[in-house]
Amino acid sequence: MKKNRCIICKNSESLQLIKWKNFNVIECHKCHLNFCEIMEIKEGNSSPVNQAGINMMAKSFFETKKLAHDYAEKRLHIYNNLLERKCENILDIGCGPAVFYKPYQKLNIKWTGIEVSPYWIEFGKKNSLPIHNIDIKKIKKKYDVITAHQVLEHVEDPNKFLNDIYKILRPGGILHLELPNNLSLTSTLRKISPTIFYDYGFIQPPMHMRAYSFKTIETLFKNHFLQTKNIFSCSNNHSIWGQVRNYSNFQKFFYGLTGFFGKGSLLVGIAKK
Ligand SMILES: [Zn+2]
């Protein structure tokens, strides 16, 4: 029988197989990754994105322009400090509706957004936003900052993905990852029982086939000789690192509470080349 290996840390000893609903999840006790071995449905080299989520983001886009600008301004300040120079350009991988295009343009930063989803390419055309489906491997330019928000949990081979990013990150450049936190309150509750929940934590087939924790991101950065600057969890509506969404007051209250107790649903990893 073929022996399983963790797709991030490559270890084959500390793995546990979990049978859940109609799918199997492998838990790596070394780097704390949870993953499904076979990705059956794919868009490029990634698992698909939930259409309800896409619709919500498209609607949110028109109602959150000020929030996007606030986030861009605060983050640029932090990027500049980490870079120890002025940031000139940003590559946004999996940019969705390009919420950061106009804010960064106003801040004189050259922003490039790439997307595999045909929905967002069409959205870009309709709303005059530069959203293009470009293969990372074909990018020749180098970037000061590369961001990938809600992307890694879809990527089939995270090590290959980080390798591609490394090549187009300038020396001293910053990588900013944002993804679901598999140690969050929501995720922990979803591991109680398969009779109550279809999802196993943030493993949500066929959409999310990988679920990450602090240690997984740390391992991934180490694998690619990136210097970890910060890895932390926060709420979806965090004042600097939150998502550009039009959350309801109830959601803001709930997210704020989980964030306060260190059980927020967002996992943020920042590293320097
Ligand atoms: Zn592992």
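Which residues does Ile139 touch, not counting residues up to four places away in sequence? Ile139 touches Ile134 and Ile168. The legends below start from this residue in the predicted model.

View 1. Ile139 is found between strand S6 (131–132) and strand S7 (143–149). Ile165 is 26 residues from Ile139 along the chain. The C-alpha atoms of Ile139 and Ile165 are separated by 9.9 Å.

View 2. Strand S1 (residues 15–20) runs antiparallel to strand S2 (residues 23–28). Six bridges join S1 and S2. Leu15 stands opposite Cys28 in S2. Two residues lie between the strands of this hairpin. There, Lys21 takes a positive phi near 45 degrees.

View 3. Ile26 stands opposite Phe35 in S3. This hairpin has five residues between its strands. In it, His32 has a positive phi near 65 degrees.

**View 4. The open sheet of seven strands.** The strand order is S6-S5-S4-S7-S8-S11-S10, and the pairing is mixed. S6 and strand S10 (227–234) are the edge strands, each pairing on one side only. Strands of a sheet pair through backbone hydrogen bonds, either parallel or antiparallel. Strand S5 (residues 110–114) and S6 pair in the parallel sense, over two bridges. Ile114 has His132 in S6 as its bridge partner.

**View 5. Helix H2 across the sheet strands.** Helix H2 (residues 65–83) lies across S7, strand S8 (169–180), S10 and strand S11 (266–272). H2 runs at about 140 degrees to S8.

**View 6. Helix H7 and its cover.** Which residues of helix H7 (residues 214–223) are buried? They are Thr216, Ile217, Thr219, Leu220 and Phe221. The cover over the buried residues of H7 includes helix H5 (158–168), S8, S10 and S11. Just after H7, Phe225 takes a positive phi of about 55 degrees.

Note on methods
Residues are numbered from 1 along each chain as its sequence is written. This is a predicted model: local features need pLDDT of at least 70, side-chain atom pairs count only at pLDDT 80 or more; totals for chains, interfaces and linings use all residues. Two strands pair if DSSP finds at least two bridges between them. Helices (H or I, at least four residues) and strands (E, at least two) are DSSP runs, numbered from the N terminus. Two residues are in contact if their C-beta atoms, placed from the backbone, lie within 7 Å. Axes are lines fitted to C-alpha atoms, for helices over the stretch in contact, and angles run from 0 to 180 degrees between N-to-C directions. A residue is buried if 20 or more other C-beta atoms lie within 10 Å of its own, exposed if 12 or fewer, and partly exposed in between; C-beta atoms are placed from the backbone.
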